[in-house]
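Let's work through a few exercises together. Take a look at the sequence and structure below, then try each task before reading its solution.

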Amino acid sequence: MFRTISRCLREFKLPTIITILFMTGEAVIEAIIPFITARLVDNLTAGIAMSALLRTGLILFVMTLVSLFCGGMAGMTSAKAAAGLAKNVRHDIFEKVQTFAFSNIDKFSSSSLVTRLTTDINNVQMAFMMLIRMAIRAPLMLIFSIIMAFIMGGKLAGTFVVVIPVLACGLLLIGKFALPAFRRVFKKYDRLNESIEENVRGMRVVKGFSREEYEKEKFRTAAEDICKDFTKAERIVALNGPIMQVCLYFNMAFILMVGSKIIINGESSINVGEMSSMLTYGFQILIQLMMLSMIYVMMTLSAESAKRISEVLQEEPDIHNPETACETVADGSIVFENVSFKYSQKAKKFALSDIDVQIPSGATVGIIGGTGSSKSTFVQLIPRLYDVTEGRIKVGGVDVCEYDLHALRDAVAMVLQKNVLFSGTIKENLRWGNPDATDEELIEACKLSQAHDFVSAFPDGYDTMIEQGGTNVSGGQKQRLCIARALLKKPKILILDDSTSAVDTKTDAFIREGFRKYIPDTTKIIIAQRIASVMDADMILVMDNGKIAASGTHDELMQSCDIYREVYEQQTNGGDNDAA
Amino acid sequence: MPRNNNYGEPKKPAEAFKSLKRLLGLLRQFYPKLLPVTLVCILFSSGASAIPAVFLQKVIADIEVFSESGDWAAARAVIYPKVYVLIALYVVSIICMTLWQQLVAIMTQGFLNKMRCKLFDSMQNLPIRYFDTHKHGDIMSHYTNDIDTLRQMLSQALPSLVQAGAVVVFVFAIMLYYSIWLTLIVIIGIVLMMTVSKKIGGGSAKYFIRQQAAVGKTEGFVQEMMNGQKVVQVFCHEEQSQKDFDAVNDALYEDMYRAHAYANALVPIIMNIGNVLYVIIATIGGVLLLTDVPNLSFSGMPICLSIVVPFLNMTKQFTGNLNQVTQQINAIVMAVAGADRIFTLMDEQPEADDGYVTMVNVHTAADGTVTEADEITHEWAWKHPHTADGSITYTPLRGEVTLDSVDFAYEEGKDVLHDVTVFAKPGQKVAFVGATGAGKTTITNLINRFYDIADGKIRYDGININKIKKSDLRRSLGIVLQETNLFTGSVMENIRYGRLDATDEECVAAAKLAGADDFITRLPEGYDTLLSGNGANLSQGQRQLIAIARAAVADPPVMILDEATSSIDTRTEAIVQRGMDALMKGRTVFVIAHRLSTVKNSDVIMVLDHGRIIERGSHDALLEKKGTYYQLYTGAFELD
């Protein structure tokens, strides 16, 4: 998991290594300073010459300046390394997602991909920045301080034999109890926030049913519960300080009591300066232990994020481009041979089963069926957005798996049901279909999709900015722009997945009329709720429960298919107008 | 409708100070006893951690004296008592520290809990207008970001500030007690430190602001692209979007790197300036020792080794704690800004309810006289006290709603409804059709008083709705909205939301009525299936059916169906329609729908255009008229 991420370091390996070097420098100097200060103090007791004093002072001064330089530089290079790592991870995830098949996207869901690209990477970046600085510095300082303390203090260093294990155990125990407690409470906390969000979103329902007091009561109970758990967890962590303090004070008392005896009795060569440096080392050792426990906590918390990131990086795209690929699509004929499909290997139920269909090039095919009848699934197999589970699909006489993906998808234009426009001008959005399209071609496509009139009515015409999510155009307008965008690909096969549902019947008819007149050689597949949208197709497929229940022309189906007739009657009698 | 942004200009210092005062005031109000105890403990423990330096100095002085004679027994008699006092101080310090840290943990979470509940209570009391004009993300961030900054402040910043502040004062006093010269040098060092940190901090702040903007931009881009990823693939746009992303990503990297570089450099630099100071004090202390410059101090002690040594430690303590103080001030400024936003929401004008007509259970005697009942009689009436003569009248609940020349505007000067008059007799079905923005939904917003009308009258059973208590008015109206909102919990709980005292059987009956029973029983755990994330595990149509069942269980005399069946496909709608018809029977119903098939059998259909009723009549009458409705019906118009 950490290896997957560290592989993203690439050009930022150098700042990482430099950071580590600088940190080592800083740690070494900082560990030595009390040692030299102790010497200085000793010399003072012994009564040294001014010149010697100033020399030692100067050495110390230079050392601290070097340490300052090292620390400052490490701060900067670590920022560079961590920001760089984040940048590369973001790049890699985004790149990976570009190779994903629809099934991979479904597996992660777009909102979770967004979290991984933002919050998770941020967590990892912060952890990494701390890691390369502190994870080097803390153990180094710890070891140095311990060594120095033993060299200098001799017997006095015995105190650390007691203090270090006590503090280490204390910190470990706190970590052991606090971490799971925090994990639990954060989960609950997330749920609480979710329920607040539900309330904010559903305020009309809450107020409509006069449930304000009920919601307050419900909230109070949940909040009270979280408060209790939170307090428990925080109280465990609050023991950190006192434990640290106990060790620190024990250290001081011990050094003073034992140290004074040793010095006065002249038991060893230790002197006052060294004793006071021992106090400093003692402090440093304990602080570093504390640091280590913090690093541990930070690592465990960011491990979650690291795991989620490497999941994406290690995901294998479900659809691969064939190595020797067919680059051109001959025509718009489509053949389904015994096709069955399920969304995942584990799924019990097939979303599509035993589909056999032949669609000649240039034909218009309508598809009708209730929600959950797998209409969308059916058409998404044609441009190989998903791979069939059994059987095969041929486009232009060649198995879709043998085509270069780009070539296939350029020939098969699909207007998705859940379609989006991107922020940018209308022109920019349309040019997704063909980056080299001239203005005339854009207008032509928009005329065909009945979008030209309303686009030119905008003050800025084709340069009108579309806001994120396309919120400043109506549903029907958005659908027509999406159709125009697809038309610009000049596809051999055009698929409309319920793409005119918000367009009124008259405009809808105009669009189909245009298709017939201007792109007669393109195979058109139209999924619709309205029978009127498919009535004049060459062939209509009625889908039910993942199967083709019936196929034929309108007249044939009216004769032979109950479902079709039922829907038709309901729509015509009920006023064949569902503009929703 | 305009959406306000909560994160506008930063408040003036005076106002920020007011928020801080209010925050502390609340803290005192919630914890009148614990708060002073905690403060005393903090002061004690910080005092007890500063004073040892004095004893340390004394012990070292003693060692110096006795090391020459080497008489341990005599030294011990002098030194050990001091060490014992020291240990006693330590014990006090540890006890105080343990106490205040536990208390802070308890108070922080308790305070946050109380603030959360207060915030939620205030929010529940806000009018719908607030939710329509504020981004939901912004409201949510009060509960997450703003409360989090409070947590930071209470659990860390404030105690550290008090503690470090106290240590700084204590240590400073002790330093002056020993040597004014050395103290002066420390002060010069501190000034240098502050200057540097201000300079670097300023640079850091500048880039942090830029980083924030870059983060926002990247998140926006990522969100848009991840949501549109399927479109990207359909159009083979992968390479282009990777290129666009890299541009955004590189820009983010630049700002992020700089912001963190400054921030990261700051801490070691400040810490090392502390070290430099330490070295300088050691050297100068040495010089002073050697040159016999007269010491200037409050204690009158001459400079000697036993002053220089503890002074060195105090220097570290002093600079360390001073850094703490400056860092904590930052956190407190942020928390005050958060508190300010929370208070802004709490101070919002709550939804006013001055209605005095209430809905009560009644008995109707054989002679038609109505008496109020305490028990559930399934018979309701409006209890109308008249202030003029103190009498009370009971009007049976029938479900007659009239709108009389109603005008309304969301914003001053931009009228949404003009002169709208509608009569709905009990049991009638009234439909509204018209383009988006014609004012259909607005009318329903007015009937249940989500918004108050500007001019005209709305009456319910002949009573002006302004006189009816809002909660009772809304209880008498059932609503099903296009955007279904379900709550986390089981299907059963969600249905029961309509009437909290409904039995399981009543809930199931309501689900059957709505035609939802069929699919619910096929769910893995039937009515006990847990819904999460607004019922993400259900289809839009299924969610809608549960919402209809929820309204059905409330059994109100008047129903408002706002696009209730729009997300159900025509085939399923046929099934739902039966349930809906059953549901509508005997009730006054207001229907808003795109699908004209849904409104066709209404008693009266109102065609709205730009806030005016331009046509009204039954389906057949309107078709005959060959007006707007006719055009809509024949599909010549686009509704969206």
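**Exercise 1.** Find which domains chain B is divided into, and describe how domain 2 of chain B meets domain 3 of chain B.

*Solution.* Chain B splits into domain 1 (13–175), domain 2 (358–396) and domain 3 (401–633), with bounds from an automatic or database domain assignment. This is a predicted model, where local features need pLDDT of at least 70 and side-chain atom pairs count only at pLDDT 80 or more, while totals for chains, interfaces and linings use all residues. Residues are numbered from 1 along each chain as its sequence is written, and chains are lettered from A and ligands numbered from 1 in the order in which they are written.

Next, look at the contact (C-beta atoms, placed from the backbone, within 7 Å): five residues of domain 2 of chain B touch seven residues of domain 3 of chain B. On the domain 2 side, β1 (358–364) and β3 (380–385) of chain B each supply at least two residues.

**Exercise 2.** Work out how helix α3 (residues 52–69) of chain B and helix α4 (residues 72–124) of chain B pack.

*Solution.* Start with the geometry: the angle is about 170°, and the axes lie 10 Å apart. α3(B) and α4(B) are therefore roughly antiparallel (an angle over 145 degrees). Then find the residues that meet: among them are F55(B) and F66(B) in α3(B), and V78(B) and L86(B) in α4(B).

**Exercise 3.** How many residues does each chain bring to the contact between chain A and chain B?

*Solution.* Chain A brings 125 residues and chain B brings 119 residues. On the chain A side, helix α3 (residues 50–99) gives the most, with 28 residues.

Conventions. Contact = placed C-beta atoms within 7 Å. Helix = DSSP H or I, 4+ residues; strand = E, 2+ residues; numbered from the N terminus. Axes fitted to C-alpha atoms, helices over the stretch in contact; angles between N-to-C directions. Parallel < 35°, antiparallel > 145°, perpendicular 65-115°, else oblique.
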